[in-house]
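Biologist: I am new to this protein and would like a short tour of it. Could we look at the structure together?

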Amino acid sequence: MKKLKYGAVTLLFATAGLFLAACSTSSSPNKATTSKTETTKDASSFTYAISGNPASLNPINTSDRWGLTVTNMIYSPLVAIETDGTQKNVLADSIEAAKDGLSVTVKLKQTIKWSDGEKLTADDVVFTYTQKAKKENGNADKLWIGGKPITIQKVDDYTVKFILPEPSAAAINNIATETFIIPKHIYKDVADFSVKELPVAPVGTGPYKLKTYKTGEYLAFEANKTYFGGTPAIKNVTLRIIESNDTAKVALQKGEVDAAVVLPSAISDLDSHDITVYPYSETRVGYLGLNTKSDALTNVKVRQAVLYALDKSELNQAAYLNKKYYSTPNSFLPPTNPFATESVNTYKTNAQKSKALLAEAGVSDLKLNIGFSATDPAQTVQATLIQQQLKKAGITVTLEGGDGTAIFSELKKPGSTKYNLFLGGYIMGNDPDLYAALFKTGGSSNYFQTNNAKTDQLFDKAAVETDPTKRKALYDQLQKEVADDARIYPIVDNKKILAVNNRIANVKKANLVPIYTFEDLSKLTIK
């Protein structure tokens with residue numbers, strides 16, 4: 001067995017308020033017939049295997065991994081967030097919060113052009129945020145405070161001002177981050193920004209331009225010569241859709257793709273002369289969700305009974321093999337989050353307590369189902385183990401593996417009860433207020449169907465609290481209450497393992513980051 005090389009990775013955490021579920025099978029207005037030049041590797045191309053179609057290619061509302069990966073290639077945000085929580089200006093030249101906490105002023109870099117040659121201006125930023133702040137477009141959570149929207153004003157051609165309805169520590173931290181700016185002159189006539197794909201060919205400020213999208217097969221990109229970061233070194237990039245991890249691994253071994261995400265169990269099969277692996281943290285929480293609207297799980301004691309029957313150590317060992325590839329979260333925040341606390345109910349495995357809680361609730365012969373992505377090996381292993389673990393407490397579980405995006409689309413429907421339990425994962429960022437999209441009543445990603453006044457109030461209070469000590473105390477209490485409510489069972493913060501063909505250089509320079517994989521694909525080169 002050949003020892004594999006591990007790349008040294010500079011990790012930027014470029015996410016703020018992003019939710020991951022799965023990938024969809026949507027069609028595309030850019031659909032075209034496969035051509036040899038778009039799917040065959042050559043000296044000017046880089047091919048990356050991804051596990052599914054983007055659920056949305058609309059930069060206003062996209063929130064899935066591959067939709068965001070594509071968006072990050074085509075567009076750019078004002079500001080990105082690094083792992084340590086510091087800000088990195090992208091389109092912004094400067095950002096300044098007012099002392100009264102009621103506004104944020106952003107000055108734009110004045111030399112940035114769209115891929116069609118037009119200049120980026122404040123009009124584009126105002127247009128983008130105006131569309132994103134509309135709740136009907138599906139991604140407005142962080143642009144509302146106390147039931148009122150944040151407004152944005154043009155100060156001059158290269159300056160914008162965000163005005164808050166009331167002081168908010170969360171908004172000050174997050175308002176300018178990770179919203180991908182779109183050009184007004186291209187999208188001004190679009191009537192509906194709630195759709196998954198906009199009826200206009202994308203124009204952006206990112207390193208690449210989308211040429212072709214063949215649903216279920218690939219997305220082909222070409223270098224954006226007007227990119228403010230410099231013309232990309234690699235002319236063509238293809239995201240090749242391969243749902244099966246095993247098939248992607250074989251394609252990597254054969255040289256049909258240059259990069260793919262692999263599981264720990266696959267590492268020993270890769271030849272270190274040809275391939276280098278790069279494990280890195282995404283500060284992701286993989287979890288078991290409980291549908292609180294499901295008739296079987298409306299009683300909190302029943303939900304707690306389910307959690308006491310589980311063993312997350314066994315779940316993680318089976319899926320990820322070695323602790324160097326994962327850590328174990330206790331609350332809904334990832335372990336490295338500066339606000340995370342261990343002072344919550346961790347539901348240490350206790351089948352007898354589980355049975356006792358079911359008896360207290362007057363429930364016997366409990367039958368549940370669990371939705372999970374059938375193409376995700378880790379979820380498949382964990383779903384099977386969950387079925388076995390719950391059986392020890394007298395709970396019968398039916399496995400319902402399927403398309404991950406379809407499952408979460410169903411869960412997102414208000415009042416949906418199709419799935420009692422479900423496996424998912426999210427990467428939300430450093431500020432805990434970003435998690436309100438998941439855990440607050442009416443949140444855009446409240447797949448748990450939660451309606452809990454106590455935790456809602458804590459989210460509201462903590463978001464606007466400007467005293468750091470008091471804010472931390474509020475989030476400590478919030479994490480405890482969410483755990484007691486038993487709507488989520490945090491399982492894992494697993495590392496992403498990217499395997500890259502050694503013909504590709506400067507992986508470290510391109511920066512491996514959560515969700516997007518590469519912070520800036522333009523920095524990759526071919527040896």
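Modeller: One definition before we begin: helices, of at least four residues, and strands, of at least two, are DSSP runs, numbered from the N terminus. With that numbering, Gln388 lies in helix 10. Please keep in mind that this is a predicted model.

Biologist: Is Gln388 buried, exposed or partly exposed?

Modeller: Gln388 has a relative accessibility of 44%, so it counts as partly exposed.

Biologist: And how far is Gln388 from Asp484?

Modeller: Their C-alpha atoms are 24 Å apart, while 96 residues separate the two along the chain.

Biologist: What about Gln382, is it buried or exposed?

Modeller: Gln382 also belongs to helix 10, which covers residues 377-391. Its relative accessible area is 5%, so Gln382 is buried, buried being under 20%.

Biologist: Which residues does Gln382 touch?

Modeller: Leaving out residues up to four places away in sequence, Gln382 touches Leu315, Asn316, Ala319, Tyr320, Leu423 and Ile491.

Biologist: Changing topic: how confident is the prediction, in terms of average pLDDT?

Modeller: The average pLDDT of the protein is 90, and 91% of the residues reach at least 70.

Biologist: Going back to Phe46, what does it touch?

Modeller: Among the contacts of Phe46, residues up to four places away not being counted, are Ile234, Val237, Ile504, Phe518, Leu521 and Leu524. Asn236, Thr238, Asp258 and Ala259 are also touched by Phe46.

Biologist: Why is helix 3 described as largely enclosed?

Modeller: Helix 3 spans residues 122-132, and nine of its 11 residues are buried, so the rest of the structure largely encloses it. Among those buried residues are Asp124, Phe127, Tyr129 and Lys132.

Biologist: What do the buried residues of helix 3 pack against?

Modeller: They pack against strand 6 (103-108), strand 9 (151-156), strand 10 (159-163) and helix 5 (184-187).

Biologist: How many cavities of 30 Å³ or more does the search find?

Modeller: Four are found in the whole structure. The second largest cavity has a volume of about 80 Å³. It is lined by 14 residues, and Asn330, Asn345, Ala483, Ile488 and Pro490 are the closest to its centre. Helix 14 (468-485) and strand 21 (488-501) each supply at least two residues of this lining.

Biologist: What classes of residue make up that lining?

Modeller: The lining of the second largest cavity has eight nonpolar residues, five polar ones and one charged.

Biologist: One last topic, backbone angles. What is the phi of Ile515?

Modeller: Most residues other than glycine have a negative phi. Ile515, although not a glycine, has a positive phi of about 70°. Ile515 sits in the loop between strand 23 (512-513) and strand 24 (517-518), and its relative accessibility of 0% makes it buried.

Biologist: And what about the phi of Thr517?

Modeller: Thr517, another residue other than glycine, has a positive phi near 70°. Thr517 is part of strand 24 and, with 0% relative accessibility, counts as buried.

Technical notes: Residues numbered from 1 in each chain as written. Predicted model: local features only at pLDDT ≥ 70, side-chain atom pairs only at ≥ 80, totals over all residues. Heavy atoms only, no water. Contact = heavy atoms within 4.5 Å. Buried < 20%, exposed > 50% of the residue type's maximum accessible area, 1.4 Å probe, protein only. 1 Å grid on protein atoms, 1.4 Å probe; cavity = no way out; pocket = protein on both sides within 12 Å on 5 of 7 lines; lining within 4 Å. Points joined across faces, edges and corners; volume = space filled by probe spheres on them. Nonpolar A, V, L, I, M, F, W, Y, C, P; charged D, E, K, R; others polar. pLDDT = per-residue confidence, 0-100.
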